[in-house]
Amino acid sequence: MHRRNALSLIGSTIAAALAGAVPGTSLAHHGWSSFDPNRPLYLRGRVKAVRWRNPHAEVDVEPTPGLALPAGLADRELPAQVSQFDGKGLLARTQLVPRTDVTWTVELAPLTRMQAWSVAPLKEGETVEIVGYTLADQSEPVLRAEWLFKEGKVYGLRSSPA
């Protein structure tokens, strides 16, 4: 029994070391409780990289030079979603991302939800707009997307289409 526990401990240690050695595996996903839902933020920019995979799709977005909140943001039409919340109120409270000098990692939705919304995989070089939330401690330029605005369409990423 003692030997089995020792071998199990060694195996667990090796597995943990290997998981930590693979780039991005330990830091790639943040729990939703890490984000500040009371401060919606706006980002518009050019897609620099795409990771279309689970647990959710991610894109790196370089902010547009001279980024500003668009006029009429609070008046944009929002899609019907399964999850009911005050979307217009969120848009009215939306602020500009606090940093425009860095590339932002945007966590989108799981691939099944992206498919439910009929969102085609994003491509490097295209321009997107995001309204979402940053980490509560603002330690990294990361947004959890609430809405994705692309080519005149809006996709609600909190839940599936109603």
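Student: Which residue forms a salt bridge with R51?

Tutor: Good place to start! This is a predicted model, where local features need pLDDT of at least 70, side-chain atom pairs count only at pLDDT 80 or more, and totals for chains, interfaces and linings use all residues. Residues are numbered from 1 along each chain as its sequence is written, and side-chain values use heavy atoms, leaving out hydrogens and water. A salt bridge is a side-chain nitrogen of Lys or Arg within 4 Å of a carboxyl oxygen of Asp or Glu; with closest N and O atoms 2.8 Å apart, the partner of R51 is D60.

Student: Is E58 buried or exposed?

Tutor: E58 forms a salt bridge with R53, their closest N and O atoms being 3.8 Å apart. Buried means under 20% relative accessible area, exposed over 50%, and partly exposed in between (1.4 Å probe, protein chains only). E58 has a relative accessible area of 5%, so E58 is buried.

Student: What is the relative accessible area of E146?

Tutor: E146 pairs with R158 in a salt bridge, the closest N and O atoms being 2.8 Å apart. R158 is partly exposed, at 32%. E146, in contrast, is buried, with a relative accessible area of 0%.

Student: Over the face of which residue does R158 lie?

Tutor: Here a charge sits over a ring if NZ of Lys or CZ of Arg is within 6 Å of the ring centre and within 35 degrees of the ring normal. R158 lies 3.9 Å from the ring centre, over the face of F85.
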